[in-house]
Amino acid sequence: MASELNINICIDVLDSAEELTPQEREAMELAQQAANDAYAPYSNFLVGAALVLEDGTMFKGSNQENAAYPSGLCAERTALFAMSAHHPNTKIRMIAVTARRRSEQHYLPAMPCGACRQVMAEYEHKQGEPIPVLLQGPEGKFYRLRSVSDLLPFQFNKEHL
């Protein structure tokens with residue numbers, strides 16, 4: 001017997017940075033700074049992430065590559081792990097992600113990889129409330145998601161163990 005599964009994924013498409021809230025704009029600018037600081041000598045694909053914590057503190061992370069693949073780490077996980085090491089019980093209010101090629105100055109659409117989505121989901125589950133996600137989109141657009149679960153609707157967490 002077939003049953004129905006209702007999943008409601010919500011993604012706001014914003015046409016420009018002018019549609020971002022001041023906090024979103026600040027987080028995206030920090031993510032862009034982080035991308036510019038990325039250590040990506042092999043791929044030349046610079047990714048930056050910024051977290052906004054419940055007290056307004058912001059944390060950034062950038063991708064860190066290594067000649068011994070796959071020893072590098074993505075920007076989102078760099079930011080999340082560093083934040084958690086310094087503020088283990090502080091809630092995350094937003095994560096922003098952007099990317100660019102070293103050879104270009106404009107920012108590109110940036111979608112977290114599967115491993116980063118799983119780690120983001122872990123932190124969302126840990127804090128017991130949604131973490132909104134702001135992603136760089138194409139042609140100056142931005143994607144605003146209400147929750148990590150919009151990026152990873154079928155999550156694996158400690159209840160599955």
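Predicted model: local features only at pLDDT ≥ 70, side-chain atom pairs only at ≥ 80, totals over all residues.

**Entry 1: the whole chain.** I went through the secondary structure and found three helices and six strands. Along the sequence they follow the pattern β-α-β-β-α-β-α-β-β. The radius of gyration is 16 Å, close to the 15 Å that the globule rule gives for 161 residues, so the chain is as compact as a globular protein of that length. Along the principal axes, the C-alpha atoms fill a box of roughly 55 × 40 × 35 Å. I also noted that 39% of the 161 residues count as buried. Among the contacts with a separation of 6 or more, 65% are between residues 24 or more positions apart.

**Entry 2: the largest pocket.** My next stop was empty space. Rolling a probe the size of a water molecule over the atoms shows where such space is left. The largest pocket has a volume of about 190 Å³. I listed 14 lining residues, with Gln64, Glu65, Gly72, Leu73 and Cys74 nearest the centre. The lining divides into six nonpolar, six polar and two charged residues.

**Entry 3: the annotated binding site.** Which residues does the UniProt annotation "binding site" cover? The unreviewed entry gives Asn63, Gln64, Glu65, Asn66, Ala67, Ala68 and Tyr69. Of these, Asn63, Gln64, Glu65, Asn66 and Tyr69 are included in the lining of the largest pocket. I then checked two of the annotated residues one by one. Ala67 sits in the loop between β3 (58-62) and α2 (75-86). Is Ala67 buried or exposed? Its relative accessible area is 54%, so Ala67 is exposed, the cut-off being over 50%. Tyr69 is in the loop between β3 and α2 as well, and at 60% relative accessibility Tyr69 also counts as exposed.

Entry 4: Most residues other than glycine have a negative phi, and most peptide bonds are trans. I went looking for exceptions. A cis peptide bond joins Tyr69 and Pro70, with omega about 0°, and Pro70 lies in the loop between β3 and α2. Asn44 is not a glycine, yet it has a positive phi of about 55°. I found Asn44 in the loop between α1 (22-36) and β2, partly exposed at 32% relative accessibility. Glu139, not a glycine either, has a positive phi of about 50°. Glu139 is placed in the loop between β5 (133-136) and β6 (142-145) and is exposed, at 77% relative accessibility.

**Entry 5: a buried leucine.** I finished with Leu53, which lies in strand β2 (residues 45-53). Leu53 has 1% relative accessibility, so it counts as buried, the limit being under 20%. What does Leu53 touch, leaving out residues up to four places away in sequence? The partners are Phe59, Met83, His87, Thr90, Lys91, Ile92 and Arg93. I also compared positions with Leu73: the C-alpha atoms of Leu53 and Leu73 are separated by 21 Å, and the two are 20 residues apart along the chain.

Terms used
Residues numbered from 1 in each chain as written. Heavy atoms only, no water. 1 Å grid on protein atoms, 1.4 Å probe; cavity = no way out; pocket = protein on both sides within 12 Å on 5 of 7 lines; lining within 4 Å. Points joined across faces, edges and corners; volume = space filled by probe spheres on them. Nonpolar A, V, L, I, M, F, W, Y, C, P; charged D, E, K, R; others polar. UniProt positions renumbered as here; feature names shortened; annotations may be inferred. Helix = DSSP H or I, 4+ residues; strand = E, 2+ residues; numbered from the N terminus. Buried < 20%, exposed > 50% of the residue type's maximum accessible area, 1.4 Å probe, protein only. Rg over C-alpha atoms; globule rule 2.2 N^0.38 Å. Contact = heavy atoms within 4.5 Å.
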